[in-house]
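Work through the exercises below with the model open beside you. Try each task before you read its solution.

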Amino acid sequence: MGRRVTHPVKLKTREQAYSVPYTNRHPWGDFSLLHRLTPEYLATILSDVRRGECPTAYLELAQDMELKDPHYRSVLSTRKDAITGLEIKVIPASDDKHDRELAEAVERDMVKNSSAKLYTLIRDMLDALAKGFSVTEIIWDTDKTPWKPKQYLFRDPRWFQYDKETGKTLMLRTPYGIDLEPLKPFHFVVHEPHLISGTQITSGLALPALYYEMLKSYDVSSWAAFIDRYGYPIRIGKYGKKATERDISTLKKAVANIGQDFGAVIPESAILEIIESKHASETANVHKNMADWVDKQISKLVLGQTMTTDEGSSKAQSETHEKVRDDIADSDIQQVIETLNRTLTLPYITLNFGEQETYPKIDLFKPDEKNVEQIIMALEKLGPQGLTAKADEVRALFGLSNPKPGDEVVGGRPEPTPGNETGDWGKPELNAEQTDASDELETLLAESSSGYLPISDDIAAVLEKAADKATDFASFREALEKLVTTWPSEKIAECIAIATFQARALGDAQFDKDP
């Protein structure tokens, strides 16, 4: 199981997609294009993207939006958090011992590999939601077997380009020139979510978001200019005919400083007035409404709804639109699972254990607390009736792994007690105070031979009441049936349990005596 199988692909610990300063793969970006964005420039960039290009300007704008627009970053993070907040488990291909061992190896070397950080990898993979693709390079630890990922390195999307022939294969830009290098097998986690049909580079959410971002940038700039011009009251200074040059100069300084000092000293002949705009507040709402409208469109684009991000939304409105978000999240989860198993699970198993007919599967899930409670209740009630379940599946509900030999464990069945050394826990003790099994059996036989069944006082009261009303056996049975219909169910269960247990115990005892 631990033997490494030689694979025709030779793994290298040296990085392939490394940065080279002052080349096509330089580590730093401009990230100032958003401030200089014009409709003409944006149209040129989007036209290149639709032709299958991966212009660095587009990818920088996509990143710049996420860095500078709080709303866009918030809704995009919300969509990412819907996946990164899930639990991870590994599902064996079957119950076969070999398949279970493969699943345990994947869980040990990948899911629980703290140095490689699988959750960080998943977060980096979700950068593809905005840009259409994401690339993470796998650095393998080949010093000992089995080989396993040592580190996941997120790679700048500007370093990659889709091939010119088909536009479907992502390739690495060479540091110099315009040539493209194929990505080495088993070395990269390339996540390409299927958000729309068509070329992959056009599927990113940043493509339509850029248009709204440009509208919002113009609106906010105009809003700031409007506030600067009309947000403050107009100050007018008046001076009389006899005012001197010194008086006029003093008045000018007062007008200039009145916004800062909130006071001024002027000649007695001068007049200083502050005039407020009558329509400034009404005009300001135009800019605010425009910004709010753009944010709503971004919310619809990223989340599929707006209720959870808009102020004033009621809980009922939010719950009405929650299903849409769940559908989007479910789609994202399934696509992340497919990428993880295709680019991580399959290479790991193939390199270490050879090609398999079936492979274990990494799965992302969120335990449903309500379903867990229902399953526990079902096991408690139906278990004594014969219902069985796999212990592994029950552990998976709580995110627990299977204990191994030598592990310190909690829970489990209690140690056998005197009188029950065989560990047969399906047969409860008749009397916990009695420790000698032979004494218990003698007592049970005595009770059986006497024809009496021990009952509680409330059971006796019901029987006496029925007997008082009866004139013969038929009327006694009829009265007893009427009284029992109002009897507490737990009392009926107790009576049946005692009688059933006594019959079973006597049967077992008789069976042991028979040769």
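**Exercise 1. Ala17 and its surroundings**

Task: Find which residues Ala17 is in contact with, leaving aside its neighbours within four places in sequence.

Solution: 
- Step 1. Contact means heavy atoms within 4.5 Å. By that rule Ala17 meets Glu137, Arg155, Trp159, Phe160, Leu172 and Phe188.
- Step 2. Leu172 is 155 residues away from Ala17 along the chain, yet their C-alpha atoms are separated by 7.1 Å.
- Step 3. Ala17 has a relative accessible area of 0%, so Ala17 is buried. The classes are buried (under 20% relative accessible area), exposed (over 50%) and partly exposed (in between), with a 1.4 Å probe and protein chains only.
- Step 4. Place Ala17 in the chain: Ala17 sits in the segment before α1 (39–50). Helices (H or I, at least four residues) and strands (E, at least two) are DSSP runs, numbered from the N terminus.

This is a predicted model, in which local features need pLDDT of at least 70, side-chain atom pairs count only at pLDDT 80 or more, and totals for chains, interfaces and linings use all residues. Residues are numbered from 1 along each chain as its sequence is written, and side-chain values use heavy atoms, with hydrogens and water left out.

**Exercise 2. Salt bridges**

Task: State how many salt bridges the structure holds, then examine the one between Glu66 and Lys80.

Solution: 
- Step 1. Apply the rule: a side-chain nitrogen of Lys or Arg within 4 Å of a carboxyl oxygen of Asp or Glu.
- Step 2. In the pair Glu66 and Lys80, the closest N and O atoms are 3.0 Å apart.
- Step 3. Glu66 belongs to helix α2 (residues 56–68) and Lys80 to helix α3 (residues 70–84), so this bridge ties together parts that are 14 residues apart in sequence.
- Step 4. Check burial. Glu66 is buried at 11% relative accessibility, and Lys80 is buried at 7%.
- Step 5. Now take Asp48 and Arg51, whose closest N and O atoms are 2.4 Å apart. Asp48 is partly exposed at 22%; Arg51 is exposed at 59%.

**Exercise 3. The nonpolar core**

Task: Find how many residues the largest nonpolar core has, and which of them have the most contacts inside it.

Solution: 
- Step 1. Such a core is a set of buried Ala, Val, Leu, Ile, Met, Phe, Trp, Tyr and Cys residues joined through side-chain atoms within 4.5 Å.
- Step 2. The largest one has 73 residues, and those with the most contacts inside it are Tyr58, Tyr72, Phe160, Leu340, Leu344 and Leu364.
- Step 3. Helix α10 (residues 315–353) gives the largest share of this core, nine residues.
- Step 4. Look at Phe160. Beyond four places in sequence, Phe160 touches residues including Ala17, Cys54, Phe133 and Leu183.

**Exercise 4. Confidence**

Solution: 
- Step 1. pLDDT is the predictor's confidence in each residue, from 0 to 100. The protein chain averages 76, and 65% of the residues score at least 70.
- Step 2. Over residues 317–321 the pLDDT is below 50. Residues 423–435 also stay under 50, and the model has 20 contacts for them beyond four places in sequence.
- Step 3. Where pLDDT is low, the predicted coordinates should not be read in detail.
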